[in-house]
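Please look over the sequence and structure first.

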Amino acid sequence: MSEYHDPSNVVNPEHADHHIVTPVTYSIVFATLLVMTGVTVGAAYIDLGLMNPVIALAIASFKAVIVILFFMHVKYQSKLVKLTVISGFFTFLVLTTMTLTDYISRAWGLW
Amino acid sequence: MDNVTVATHPHTHETAVAAEHQHVALPQHRHHFETEEQQREAGTFGMWLFLLTEIMFFGGLFFAYLLYRNWYNPAFVVSSNQLSIPLGAANTAILIASGFFMALGVWAAEVRKKGLLLLFLVLTTVFGLAFLGIKAVEYHEKWEKHHIPGASFDVSQFINPQAYGLKEKPLAPDMAQKTQVFFFLYFAMTGMHAFHMIIGIVLLFWLMWRANRGEFSSGYVAPIENFGLYWHFVDIVWIFLFPLLYLINRHPV
Amino acid sequence: MSATHTILNLPDQRTATLPKRTYINNEDGLLSWLFTGDHKRIAMLYLISITFFFFIGGAFAGLIRLELLTPQPDLVAADTYNKFFSMHGIVMIFLFLVPSVPATLGNFLIPIMIGTKDLAFPKINLLSWYLYWIGGLFTLAALVLGGVDTGWTFTTPLSTHYLNTHVVTAATGVFIIGFSSIFTGLNFIVTIHRMRAPGMTWFRMPLFCWSNYAASILMVLGTPVLAITLVLVGLERLVGIGVFDPTKGGDPLLFQHLFWFYSHPAVYIMILPGMGVISEVISTFSRKRVFGYTAVAFSSVAIALFGFFVWAHHMFIMGVSNYSALVFSLLTMLVAVPSAIKIFNWAFTLQKGSITFETPMLYAFGFLGLFTIGGMTGVFLGALGMDIHLTETYFIVAHFHFVMVGGMLMAFLAGVHFWWPKMTGRMYPESLSKLAAVTTFIGFNLTFLPQFILGYLGMPRRYHAYPQEFQVLNVLSTAGATVLGVGYMLPLLYLAWSLKYGAIAGNNPWQATGLEWQIQSPPLTENFIEIPIVDHEAYDYEWLEHKTAQEVTTVG
């Protein structure tokens, strides 16, 4: 019985124990997010040419990642949930890159 | 079950193995799940799958933005400069704060503090409404400046910016028309985002009502937790919208 | 496998009785059905609903074939004809094919096959059925109000600028049905990950679960892109935003990219669950484990994955970049590989099996042949040069009907017959159903084989009139459609008849190995009296024989 019966999925690699994130962690994340918002606004006022959008998106991605990891508890979740999150962004990436193969190489395009 | 790790959740393995069918500790436990742990994890996983669909839903819009921004860069740069960075930045901070209180709300539910949970849910809602309020102010400004796409849209200020007191390079008439594409996407993306916020706020009122009845004060936190995931996802969308719409290429090249 | 393992070991059905308490009579009254959370009842609701829409879609197919009987436009005007084929496409794809196997058979069987009491989210499952109907009613409203003539593809700028028909109503319907499909998929994924019975490892699951799992991934990741696309089409039509409008700077091809990003994977949403049915049926009626179980399981996932990389092959003649078209063409060829793996493995399952020719098996044989032809012609169309000649002709119509009707519908009917005893507790009439299977096969080939030739000769699709020289083949095709119609009416009639008069089936009329066959038919509301502990592989007929032998000993 015990060999097979695992109702709580404890031996299941898809399982993660419930982890309570503390307000301290949340506060640190919150402060970081506010600081990064300030940084991204500041960076927008400096003319860096091509680097402007790159920096803005890098900061946005960093903010998104810490929201996902801490506010959304993914850091403490099972591999299954982590994989799920990644697969969502992966599919978006497929949509973007595969469509771009058309737009960037089009004979009559505006790229 | 010789390799049971110490459970952080109060009602899991030991009780479950002894009598998993008779054991129903919480009224919210559904019979077809063997344990509450299983139910909770199923709920979280289901919510994440729903968020995947949301990623792809907004993904279509983000791709359209990427494409047209590159096609009509001068028009997008000029129109992007018409948005108010202070309002956008304030809104970002407000939304992050709202998300922060939501996260604290999840914590309050987990440690079973009913009063704190209610307080944090109220704060989440207040900041969410503040975000929508500022958004409304911005939309109103667009209306006054004839930036709403459609019949009242006015391209002359982009063809001849000096006459309108704008410090922008004038655009050729055909490129100036493309500013409308920016505002289409601006309204489509922020509108879709605001729509998600409104749904979220309606759900928040429902959760507050339930929290007030004490439903989440005895270890059953799944609705709060899963709504939190939704609310943070909406935050993330804005975290990307803000730099894309307001910030990048602030300086015309 | 020796000869004793044949279907001749069937249990004696004369002594079988209907169980006293089942999911059907557990509660009474219409409301107990409309507010049920039971996956089996929802499956039955879905079965009735999709049958209703199937015959609506079929009626339009009949009208199309009737118009095409003669070269002259004599039955209906051009506009009306456009509305016919649009409604045929919208109803058949979104209201029949996409939910067909997952929402009926999948809903009914997946929880039982993996040994649990219900899907993870019963209320969301019920919600998905209601969304299906709301979407269906919007579609019907578009029809009643005067129709829609964009084709099922909602092509811009036709749909946004040039039509005065009910595009927005139909698009709203499709949008809502999309969410119904998302919720079904979401439920399956969570259920399969989280609710498997003890011992039911991934590689002990029946292949039906694997293929529905793969299709569910596509539903969850693909459908929202269609949703946003339709929202943009609606906004463009209603308030004139110009994301797809070239006069305002938009790109109509962006619509095509986003639309086919869903609608190509949607083809796999439609076919994958059917492939799962075929795996079950072929294994059961050859009394052999599916050859290369792991390969078949992974090929489902591979099809789902590759499905996201090939969509632009629908757009080769639309002006996409040549380089991009080359990439998409090559990737398209790749999808043929996992599909071929499946076909080969089914063929090897048959090899040296103790094959019997029950009705589900006849449909499964139909599937094997027709799907192979459909798939191979797909490779023609995936080749860049051939595509330019063949696309937008009847060749492509024949191609996707071979896959969708010859493949998916055959699989659906195979599944319905196969699990009918389990779902209702009664057998269908065997000889009549064999007749129906053969009629369907003959009718289908007569309808669509001539269309390959028509297409190759250059007859374009979506026109209500055609030159004189195409008439002979068109008459054949219409005649075939009539036979096909009879072939589909027959199951409707005799299955309804069998609900009351069919022989009582007993628990396991096919001596199949799935968990669903080890419980009573029709099942209890809670499926299992106690949750089973699985200690054998799927399709383990020796385990079944052993188990049956023990039962006999105990009773005797």
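**Helix 11 of chain C**

Helix 11 (residues 322-350) of chain C has 29 residues, which at 1.5 Å a residue should span 42 Å, and its end C-alpha atoms agree at 43 Å apart. The expected span is 1.5 Å times one less than the number of residues; helices (H or I, at least four residues) and strands (E, at least two) are DSSP runs numbered from the N terminus. The model is predicted: local features need pLDDT of at least 70 and side-chain atom pairs count only at pLDDT 80 or more, while totals for chains, interfaces and linings use all residues. Residues are numbered from 1 along each chain as its sequence is written, and chains are lettered from A and ligands numbered from 1 in the order in which they are written.

- Buried residues of helix 11 of chain C include C:Phe328, C:Val335 and C:Trp346 (buried: 20 or more other C-beta atoms within 10 Å of the residue's own, with C-beta atoms placed from the backbone).
- These buried residues pack against helix 3 (79-104) of chain A and against helices 9, 10, 12 and 13 of chain C.
- After helix 11 of chain C comes C:Lys352, with a positive phi near 60°.

**Chain A**

- Chain A has three helices and zero strands.
- Of its 111 residues, 32% are buried.

**Chain C against chain B**

- Contacts (C-beta atoms, placed from the backbone, within 7 Å) involve 30 residues of chain C and 28 residues of chain B.
- Helix 8 of chain C gives the most to the chain C side, ten residues.

Definitions and conventions
A residue is buried if 20 or more other C-beta atoms lie within 10 Å of its own, exposed if 12 or fewer, and partly exposed in between; C-beta atoms are placed from the backbone. Two residues are in contact if their C-beta atoms, placed from the backbone, lie within 7 Å.
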